[in-house]
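Here is a short briefing on one protein model. Look at the sequence and the structure first, then work through the points below.

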Amino acid sequence: MFKTMIKSYSIKKISPILVIVFLYTGIANGQAILHDPPAKENIQLDKMVGQPVDIAPWAYSWRADQAVQDKPEAYFIPRRLGRMDKIYRTAFYQLPEAELKSIYYKMPDLLKPLPPQPKSPLQAGLLWRGTLSKYQVQLNWPADRDIPSPDAVEVRVYPTSYGWFGWTVDKILDHPQVSADKRTWTYNVDSTAKMDWAFSLQVNAATEMVAVFYEDKTTTVVPNIQLVSPQVGVWKRMDLEIEWGFQQGIAQTDFDGVIESDMAIAGTASPLLNDKGTTITGDHAWQSRYVNATRRGITLPILYASGEYPALDSRITIRTGKGGFSFRPGDLENGPILIPEQGIFITAAGSGKTARQFAESLAGKQLKNSRQLTLDHREAASWEELMQNVRLSTCPVGTVIPSLPVVPEPPMQVQLPDSNWTNAWRAASFQLTGPHMWGGLAFEVGRVAHQMDLVGLHKEADRVYTHFLRSPGVKADGDYVDANGALEWATSMRHDMGYSHDGTHASTGRLLFAMADHYFLTNNKEWFRTNKVRMQAAADWIIRQRTLYLSDIPKREELLMAGLMPPSMVGDYALPASDWHWYYANDAMALQGLQRFADALVKFDSEEGNNYRDEALQYNQDIRKAVEKQAANYLDQANSYRADIRRAVKQEAILSPVRRLGNGTYGSFIPLAAYTRGEMLSVDLKAPQRSLEDVIMGSLPLAEPFSALDAKESSMVNTLDVMDEAIVYNEGSPAADQNRKAKGAITKDAWFWNTYSGLPKASHNANIYLLQDDVPNFLRFWMNAYAAIVAADGRFWEWGHLGDFANCTSPDNGTAGWFMENFRNLLIMEDNQSLWIARATPRAWLEQGKKISVKNAPTYFGTMAYEIESNVKKRQINATIEIPGAHPPKSVLLRFRHPKAAHIKSVLVNGKPWTAFNKEKELIEITGLSGKVTVTANY
């Protein structure tokens, strides 16, 4: 049946320049009839119901008869073909078999020659997101032109699991079915064909690109390409109601918008019944003003794809003055969509549900997402309780918790009321002084070295930096412009592909950030002076990659990724597949490095200026102007980069469909990488990446200090919630509950003790929870991940070890660095020009008589110390703080997390009344003081 429908569905019905939204420019007498758009438009949509969906109008199309392509992303097609011909096709002949073979995986395709390079030039191509294994390609030639014969035309597809630029084979489609008029050629594919995948598995030979080659020596004649697939499906019909202005406080707010559709067709919009304040203004837009208390919004007839294939499903986008959002019409088959952050309610017309009715009904169900459930749950009372519920509940009966060994203290000394946590601090710090499992991988060791500095292990950190500062600059596994200045060794690169870890875990930005912070944390001017030129070369490398990549294509500024780092490989799941993507984490870290280097230049140059006091005044001024200009240039570059990232991420968030949360509402989501159409690469698209990239890293680094976003932005809050609920949050099962009960663990709240223990060193969830000042969720994620991966001797495995509790035989400093980074931040943490003290200490640590002591702690402002002592029986908590004096923070933010969450009634600072406190946030703000300061909070 599907083949029959394909034959009857001409490309003339939907052309590549399809106008995908139809709206009219007025309404009769200011009134519209509910659920009854103009009959003519409805008839046009109804006629298409059941016909196959052609994805071509929504794909990136390259045509030889266009001097400038409609969308600049179309130029990815010839670039991808160029890499295929230059790298993948030649590897078999230029590398010996011993070097060609994957070191880690069984990938036979690497050992077989690919088809020869096409003899004729590229004439047309389509590129899309979402691999298809079942599809038909149809070439539709113009009726009034001479066309080549089928034998002279070569159609190729490019099956791959590794993204648009990763390792691929190419398959030639031949023997098309030719229509009677010779103008329509249909190519079928073998949907049973397999190709190699990561971890020695095989998957369907699925593609995201088709290309057409032939020689046209006269005038260029280019066919329209049509692509249909049962995975995408046929057109289905639905009428929508989109309502706004129902939330308290914004009911009278103007709401103007524009409709776009992707893999969908929208008909004529009409105002909701009795909504006299909304008018269709023409060209896909409307204006809405408050007139009365009736419902405000529009009805919208649409066609949407019947298939639910990720990235190739239908989306409707609404752009507003504040931004916008997208949703999947298919989600409405499971009920209405309520988007609180947008103030939008969407339902199928005729459902009889209004926004207020649905919101009240939903509130009555008292559904909660994982974040809300955690806020309602008590914190882990002790280290032992944590280990019992997270770790021992998975181990054989009889497994015991031994005492952690005694090891030397790090320079930053910590004494906590729970001795097990004190020992955990010391054990992890001591592990950082040992050998690195992956010491050559910039992406991993940069985080570790930075944490060494944060706990005072400056010499150990310097050894890491010295290794990378000596790098001559080597191109890692990515589509980089050049290698000059990169802080990589990339020893595994071979034929421009990364065959092992050193080359596929690159991050010049992460290293540069750690190096610049080393200067702030040590104030070692001589170290910065010695390494300034090499660090500057790394900063220049970042600037070149983001500004010169694809600089020769027309309309580059319209690319979603314009101004971002080139696509690259991150990980070891598919060596040497070069699974390049525009990972937002790469941009976050590159921006952090560039920004922090610029900050270091400002600090260094301003201090160096004092050394010129004995020189001639004019010479002094010339020097100062030169260094100030240099610092200003890098600050400008960092600000420009930040603006580009924010622009790209804003568009990504608008185009990514909202996702359902555990509380029944929908929220925005920023995916791991650009051009994913809002999908998780592994969880949704089933790409070979480990799912951890989607749920514990994702786009979260964008919201870390010195990066591009604010962690408290609603899109980032919702993104973290979506990631948490995708894998981390789990209510458990009866079998799991019985297993926990047999081992003495709590069963009724098994979800709370669940953990994604795979690879916490790659995670950023805890970091962002803390930046959002969500202490309970921070503690849950950090503690549970720790309990799942720590060994009996206090050292850390690389991967989770639920099910056993033995000594660690292969410690990984990357995990220790992640643990200490968050441990240090809950005790002391910089926040711009403020310094947090005890921001996220567990409530149990301030029970009666308990103390928290921190000494010799490095900060951006200098070394500091504090001691907090609880005397809650007398309704007091007291602190003594040593605030740095050389470069004091603008404010010290001291938090007393009362064991029963009691509110502060009054505060004394140095024995005098102090009014700068927030009882709801348990926060005391200290300004204008340095040296020894005493604080007393009364309850």
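How much space lies in the second largest cavity? About 70 Å³ lies there.

**Confidence**
- The mean pLDDT of the protein is 90. Of its residues, 91% reach 70 or more.
- Residues 1-37 have a pLDDT below 50. Beyond near neighbours in sequence, this stretch still has 99 contacts in the model.
- Residues 611-619 also stay under 50. Here the model has 3 contacts beyond four places in sequence.
- Where pLDDT is low, the predicted coordinates should not be read in detail.

**Backbone details**
- Most residues other than glycine have a negative phi, and most peptide bonds are trans.
- A cis peptide bond joins Leu575 and Pro576, with omega at about -5°. Pro576 sits in the loop between helix H12 (525-548) and helix H13 (584-608).
- Gln366 is not a glycine, yet its phi is positive, near 55°. Its place is the loop between helix H5 (355-365) and helix H6 (370-376).
- Is Gln366 buried or exposed? Gln366 is exposed, because its relative accessible area is 66% and the cut-off for exposed is over 50%.
- Phe706 has a positive phi too, of about 70°, and is not a glycine. Find Phe706 in the loop between helix H15 (692-697) and helix H16 (714-728).
- Phe706 has 23% relative accessibility, so it counts as partly exposed.

**The largest cavity**
- The structure holds 5 cavities of 30 Å³ or more. The largest has a volume of about 130 Å³.
- Its lining has 16 residues. Tyr480, Ala506, Ser507, Thr508 and Met565 lie nearest the centre.
- Helix H11 (508-522) and H13 are the elements that give two or more residues to this lining. H13 gives the most, with 3 residues.
- The lining of the largest cavity divides into 10 nonpolar, 5 polar and 1 charged.

**The second largest cavity**
- This cavity, with about 70 Å³ of space, is lined by 13 residues. The closest to its centre are Glu379, Ala380, Phe752, Leu779 and Arg780.
- Which helix gives the most to the lining of the second largest cavity? Helix H19 (residues 775-789) does, with 5 residues.
- The lining of the second largest cavity divides into 7 nonpolar, 3 polar and 3 charged residues.

Notes:
Residues are numbered from 1 along each chain as its sequence is written. This is a predicted model: local features need pLDDT of at least 70, side-chain atom pairs count only at pLDDT 80 or more; totals for chains, interfaces and linings use all residues. Side-chain values use heavy atoms; hydrogens and water are left out. pLDDT is the predictor's confidence in each residue, from 0 to 100. Contact means heavy atoms within 4.5 Å. Helices (H or I, at least four residues) and strands (E, at least two) are DSSP runs, numbered from the N terminus. Buried means under 20% relative accessible area, exposed over 50%, partly exposed in between (1.4 Å probe, protein chains only). On a 1 Å grid over the protein atoms alone, a cavity is a set of points where a 1.4 Å probe fits but cannot get out, and a pocket is an open set with protein on both sides within 12 Å along at least five of seven lines; lining residues have an atom within 4 Å of a point. Grid points are joined across faces, edges and corners, and a volume is the space filled by probe spheres set on the points. Ala, Val, Leu, Ile, Met, Phe, Trp, Tyr, Cys and Pro count as nonpolar, Asp, Glu, Lys and Arg as charged, and the others, Gly among them, as polar.
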